[in-house]
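Please examine the sequence and the structure before reading on.

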Amino acid sequence: MKDLVVKRLPAESGTSGWEAISRRSFPVRTLDGDVSADWLIIGAGFAGLSAARRLSQLRLGDKIVVLDAGEIAKGTAGRNSGYMIDVPHNLSSGEYSLASETAARTEIAQNRFAIAFAADVAAEYGMSARTFDPSGKINAAATERGIKLNASYGHSLAGIGEQHRFLDADEMREITGSSYYLGGLYTPGAVLIQPADYIRGFAAGLASKADIFEHSPVLRLGRPGGAWRAESRRGSVTAPKVILGVNGHIEDFGHFRGRLMHIFTYASMTAPFTSRSTGKDRWALLPADPMGATVRKITTDGTSRIVIRTRFTYDWTVQVSEKRLAGIAAEQRTSLEARFPDLKDVPFEHVWAGRLCLSRNHVPAFGEIEEGLYSACCENGLGTVKSTLAGIMAADLATGTRSDMLDKFSDQPEPKRLPPEPLAWLGVNTVIRLQELRAGREG
């Protein structure tokens, strides 16, 4: 590989509410000078930190360096809805359909493996229940179509012996305080996280095992003399092996170009409130239709907030405008007040966009892509779990740690090529918009 100049860096839109209400317990370190290491990990999100922890378990005493272009939890890892989901959850199909029984069981086993790893992280690093809460999830239905989607999903889960329970409108109203929902489907294996707190707690816990440098983007990557060298603004890291945990930005490192879809989601968080008709102190709802609204309530020190996420857009430029952010926040205001009229005078305090990476055939961008260079990217819409798994698997692959889990995870095709732009942009956004319109009141 010739030296690659990385010209496009991550660009964030808005301030994540999760990050805004989180507090970090460790100082920011920036790479300053030239460093040699046994391992270099690029990206300090779910994939990168999981890879670092796994390497620290497999290679005691090895020097591990993690570089991140931004600041811990201010990027994509701190911008999701905070669900770690164990059962199949395919966003691109229009419903949470299960594939074959064999494929579904494999995916569930992989997801639960990643969740167990994350649970160990939370326990080892002393995370609270507000940060890591194994309370399960509810798929909420606001329409008869949503009820049918839940029934179909529940039937599929029953077919593979997975626990689930249907909730009626009264139970949904008791949980949420809202009469908006007709029913729900509860599954017990999911974990709710405060994503910014989780990522910051993870990074703080790794401080004795890895050197993590923030605001240290990789601007050039090459392999002179048999070792990889990553150059940043004020220093460099040289290491024989590199793991890329940069999700869709893997394209900017010269790989999987024209094969990945950069999908943005949008979220808003209310200002804190008290004494409103919003049910229990904490709850979390996924939509019965994947294109509907994800809604979470959190309560801390007697005050509550609600987070709502709706809308998806495909943007190959990997950035969105403040104008679009404001427009979608106005739509989310309507969705929120339809569910909770009592909140009409409670403003949104934080509005933000977050990125997903999808492939056309729903497979990761994973593997040894050049000698000593490994990709743990493209999580296909379930980044908390899939990126955790990819990071672990990349560390196992790079160290030659074989397992049945790694064999199955590696045995996947390459992401399929997309149509050229702007045809891909037009096609993907048209499909997304049609699916959102079909979701109707679920959104």
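## Overall dimensions

The model shown here is predicted. Along the principal axes, the C-alpha trace spans about 65 × 45 × 45 Å.

Of the 443 residues, 58% count as buried. The contacts can also be viewed along the sequence: among those between residues at least 6 apart, 78% join residues that are at least 24 apart. The secondary structure comprises 10 helices and 22 strands.

In general, the strands of a sheet pair through backbone hydrogen bonds, and the pairing is either parallel or antiparallel. In this protein, eight strands form an open sheet with mixed pairing, and their order is β8-β9-β7-β17-β18-β19-β16-β20. The edges are formed by β8 (165–168) and β20 (348–359), each of which pairs on one side only. On average, and with direction ignored, neighbouring strands of this sheet are turned by 25° against each other.

Strand β16 (residues 260–270) and strand β19 (residues 303–314) run antiparallel and are joined by seven bridges. Within this pairing, Tyr 266 has Thr 310 of β19 as its bridge partner.

## Helices on the sheet

Which helix touches β16 and β19? Helix α10 (residues 423–439) packs on the sheet and touches both of these strands. The direction of α10 makes about 135° with that of β19.

## A pair of crossing helices

Helix α2 (residues 46–58) and helix α3 (residues 101–124) have axes that come within 12 Å and cross at roughly 80°. Angles of 65 to 115 degrees count as roughly perpendicular, and α2 and α3 are therefore roughly perpendicular to each other.

Which residues of the two helices meet? From α2, the contact involves Ser 50, Arg 53, Arg 54 and Gln 57; from α3, it involves Phe 117, Asp 120, Val 121 and Glu 124. The residues of this contact divide into two nonpolar, two polar and four charged.

## Backbone features in the loops

A cis peptide bond joins Glu 421 and Pro 422, with omega at about 5°. Pro 422 is placed in the loop between α9 (404–410) and α10.

Two residues have a positive phi although they are not glycines: Phe 256, at about 60°, and Asp 301, at about 55°. Phe 256 lies in the loop between β15 (241–244) and β16, whereas Asp 301 lies in the loop between β18 (294–300) and β19.

Is Phe 256 buried or exposed? Its relative accessible area is 11%; because buried means under 20%, Phe 256 counts as buried. Asp 301 has a relative accessible area of 75%; because exposed means over 50%, Asp 301 counts as exposed.

Note on methods
Residues are numbered from 1 along each chain as its sequence is written. This is a predicted model: local features need pLDDT of at least 70, side-chain atom pairs count only at pLDDT 80 or more; totals for chains, interfaces and linings use all residues. Side-chain values use heavy atoms; hydrogens and water are left out. Two strands pair if DSSP finds at least two bridges between them. Helices (H or I, at least four residues) and strands (E, at least two) are DSSP runs, numbered from the N terminus. Axes are lines fitted to C-alpha atoms, for helices over the stretch in contact, and angles run from 0 to 180 degrees between N-to-C directions. Contact means heavy atoms within 4.5 Å. Angles under 35 degrees count as roughly parallel, over 145 as roughly antiparallel, 65 to 115 as roughly perpendicular and the rest as oblique. Ala, Val, Leu, Ile, Met, Phe, Trp, Tyr, Cys and Pro count as nonpolar, Asp, Glu, Lys and Arg as charged, and the others, Gly among them, as polar. Buried means under 20% relative accessible area, exposed over 50%, partly exposed in between (1.4 Å probe, protein chains only).
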